[in-house]
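Subject: The structure, and what turned up in it

Hi,

Here is the structure I promised to pass on. Have a look at it first, then read on for my notes.

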Amino acid sequence: MRVIDDCKRSGLNSAYTTTNKLELLDVDVLACALMAIADAHFTGWVDLGENEAGRLTGPMHVVAKTLTWPAWTLDLSKAYKHVPLNAEAQAMCVLGYHHQGEWKYYTTSRLPFGATSAVYTFNRISRSIHHILCHFLHIVCTCFYDDFPALSTTFGAALVSKSMSMVLDLLGWEHAQIGVKATDFASEFSALGITVKLQELHLGQFTLANKEGRIPKIIQMLTKIKQQGRITRQEAAEVQGHLNFAQGFFTSKSLRFVLGQFDALSKIQGGGAAKKLTMLCEITEHILTALPPRKFSACAMQKPFLLFTDGAWENSCATAGLLIYNPDTRELIVREIEVPSCLTQLWLEEVGQQLICQIELYAYMAARFEYKDWFYNRGVIAWLDNESARFAASKGTAQSPSLTAMARVIQQLEVQYPTVMWVERVCSYSNPSDKPSRGQCAAAAKLFQATHHQQKVSLGEKL
């Protein structure tokens, strides 16, 4: 059993503050490292950026081109229990529990799990270990609290494994050497709740999938919550914790819109809340079962598509347009986007005349759907000039029901046609799709030397 004190109720966490944020090297950071290795094998050229000596680039060694890349995850054992408290701090950290009609209290000599300060303290220590492994042993690895996923070629895997264990032994850190977590370097390994498949990394490809058993476990939790008809804050935090591992920039963004909604429903009582909770559980379960493994190819991010969209509401008429750059053909395309009158009428009833946010998000959604085949498993940078629309597109949720509904459609597209999409803000004055959104595609095509597609982007009944 793990003793976790409620340091919030005792006021201990309220006495602590921090001026910095945690910078966790999560699945996305690991995926970026894998992408860099895949690119090096595919192009035959290594680019490690810059340091004090200049830019670190050069051709890949002929021997390295033939080597495969196994990996493993080193796991610290009872991580917090390695960190002692001084005598003064022990008096302020009391663990209590109710037993046989009375409270029993104990002090702890180790870092407590329930303290906010413990998270930051331990993270600084683990990042220090990561620094030693990277800068002194030159090991390609990341760090997520007490997990250290590491990569190596088959040529050096055994040496890397022994070196990492030796350093931790010298520093006095126990780590998994026997049992389930004591894995060895392999072409397929588990890291941070996902399975990474590296069989084709030397060919410029790798695959990310949810860890075996994780999806059934989450679905089992959702089934229990549906049967209860209610959810506690503790259960909401547990569900959200599991969902956080199942979604990410590289794994899947389709679950973003449900994150946080479980916690919101844990604060609401009544029959309406139970109905919403059942619906939320069913939607989450549907997305989880539909999530496919993500396969990435080299250079997917080196030549991203560039997409600009814009919407306008003038003289009680909604119009929209886009400008897209295709890196494969180096072609610029401008098009108008048809905004259905039935939707504008619906938005008018919901928000009144201030419906530019809805039009802007609809323009992005229509472009995302129209070019879904182009964007499939490719890098895309999209620019919107409306902050509410950008937030809904990137986070998958919004305060407005209509924005949330469109964000939900966008997330569903991510399940069927996944991308590596980054949504950014552009000011209206600098948005090149401003003219196409006002029916001035010919002028925009001339200005940007682009191709004017006469046919409007129209979703019709497709969605």
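One term before we start: a residue is called buried if its relative accessible area is under 20%, exposed if it is over 50%, and partly exposed in between. By that rule, F122 and W173 are both buried. Please keep in mind that this is a predicted model.

**Aromatic rings**

Let's begin with the rings. The structure holds 15 aromatic pairs. One of them is Y80 with F113, which is stacked, with 4.8 Å from centre to centre and 15° between the planes. This pair links distant parts of the chain, 33 residues apart: Y80 is in the loop between β3 (71–75) and α3 (87–90), while F113 is in the loop between β5 (102–107) and α4 (116–135). Are these two buried or partly exposed? Y80 has a relative accessible area of 10%, so it counts as buried. F113 comes out at 25%, so it is partly exposed.

Now for F122 and W173. Their ring centres are 6.1 Å apart and their planes meet at 65°, so this pair is edge-to-face. F122 belongs to helix α4 and W173 to the loop between α5 (157–171) and β8 (188–191), so the pair ties together parts 51 residues apart in sequence.

**A lysine over two rings**

Which rings does K372 lie over? The charged end of K372 sits over the ring of F369, 4.2 Å from its centre. K372 also lies over the face of Y417, at 5.5 Å from the ring centre.

**Helix α5**

α5 has 15 residues and reaches 22 Å from its first C-alpha to its last, close to the 21 Å expected. Its buried residues are A157, V160, S161, M164, S165, V167 and L168. Why do they end up on the same side of α5? They cover an arc of only 160° around the axis, and that puts them on one side. What do the buried residues of α5 pack against? They pack against β3, α4 and β7 (147–151).

**Positive phi without glycine**

Y145 is not a glycine, yet its phi is positive, at about 55°. You'll find Y145 in the loop between β6 (140–141) and β7, and it is partly exposed, with a relative accessible area of 22%. Q449, also a residue other than glycine, has a positive phi near 55°. Look for Q449 in the loop between α15 (441–448) and β17 (451–452). With 76% relative accessibility, Q449 counts as exposed.

**One serine to look up**

Last stop: S400, in the loop between α13 (387–395) and α14 (401–416). S400 is buried, with a relative accessible area of 12%. Its side chain makes a polar contact with the side chain of S402, at 3.0 Å. Leaving out residues up to four places away in sequence, S400 touches E350, V351 and Q358.

Cheers

Technical notes:
Residues numbered from 1 in each chain as written. Predicted model: local features only at pLDDT ≥ 70, side-chain atom pairs only at ≥ 80, totals over all residues. Heavy atoms only, no water. Phe/Tyr/Trp six-rings, centres within 6.5 Å; stacked < 30°, edge-to-face > 60°. Helix = DSSP H or I, 4+ residues; strand = E, 2+ residues; numbered from the N terminus. Buried < 20%, exposed > 50% of the residue type's maximum accessible area, 1.4 Å probe, protein only. Lys NZ or Arg CZ within 6 Å of the ring centre and 35° of its normal. Polar contact = N/O pair within 3.5 Å; in protein donor to acceptor, adjacent residues only side chain to side chain. Contact = heavy atoms within 4.5 Å. Expected span 1.5 Å × (residues − 1). Arc of directions from axis to C-beta.
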